[in-house]
Amino acid sequence: MKSRINLSLLALSCVFISSSSFSLENAFAHSNQEHNHHNNQMDHHHQAIDVSSHNFVPAVNIEAIKDNKEGWNLKIVTENFDFAPQEVNQESSINQGHGHLYINGEKITRIYGNWYHISDLPKGENEIKITLNTNLHEDLIYQGTIIGDRTIIINE
């Protein structure tokens, strides 16, 4: 587990799944069946693709950086995964697609690149989570866990 403290920021990067190693202490628990997302007052059910037997397992790591003007900038680094917004809703590939951004458990948007700006967060502790998803929105699963990363931002 890594930590970063920056005046009004406490970011804990808790998950980084790589093709060379995997630790349950680095994973946030999810089912490898279907995953419910809450978006626009509707429940969406996403299928899952298990990538445990593949050689090039995707991974993601996020870092929250306080913006000097307002809000927070998320730096999103992927391994064995390319963002492909031009391919959304096309044939799935385990090594390309998009991310899903969740703030405090609520799906906010899709992520199509390596940087994202959050203009405002509620005061206090906020969980920021990004999962990796295929072009057809399937969750990518490694050894029973959705591939993703999360960090905690304390907004003062």
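A: **The salt bridge**

Arg 150 and Glu 127 form a salt bridge in which the closest N and O atoms are 2.9 Å apart, the term standing for a side-chain nitrogen of Lys or Arg within 4 Å of a carboxyl oxygen of Asp or Glu. The pair links distant parts of the chain, 23 residues apart, with Arg 150 in strand β15 (residues 148-155) and Glu 127 in strand β12 (residues 124-133); strands here are DSSP runs of E, at least two residues long, numbered from the N terminus. Side chains of opposite charge can pair when their charged atoms come close.

The model is predicted, and local features need pLDDT of at least 70, side-chain atom pairs count only at pLDDT 80 or more, while totals for chains, interfaces and linings use all residues. Residues are numbered from 1 along each chain as its sequence is written, and side-chain values use heavy atoms, with hydrogens and water left out.

A search of the whole structure finds 1 salt bridge. As for accessibility, Arg 150 is partly exposed, with a relative accessible area of 23%, and Glu 127 is partly exposed as well, at 25%, where partly exposed lies between buried (under 20% relative accessible area) and exposed (over 50%), computed with a 1.4 Å probe on protein chains only.

On confidence, the protein chain averages a pLDDT of 78, and 71% of the residues score at least 70, pLDDT being the predictor's confidence in each residue, from 0 to 100.

Notes. Helices (H or I, at least four residues) and strands (E, at least two) are DSSP runs, numbered from the N terminus.
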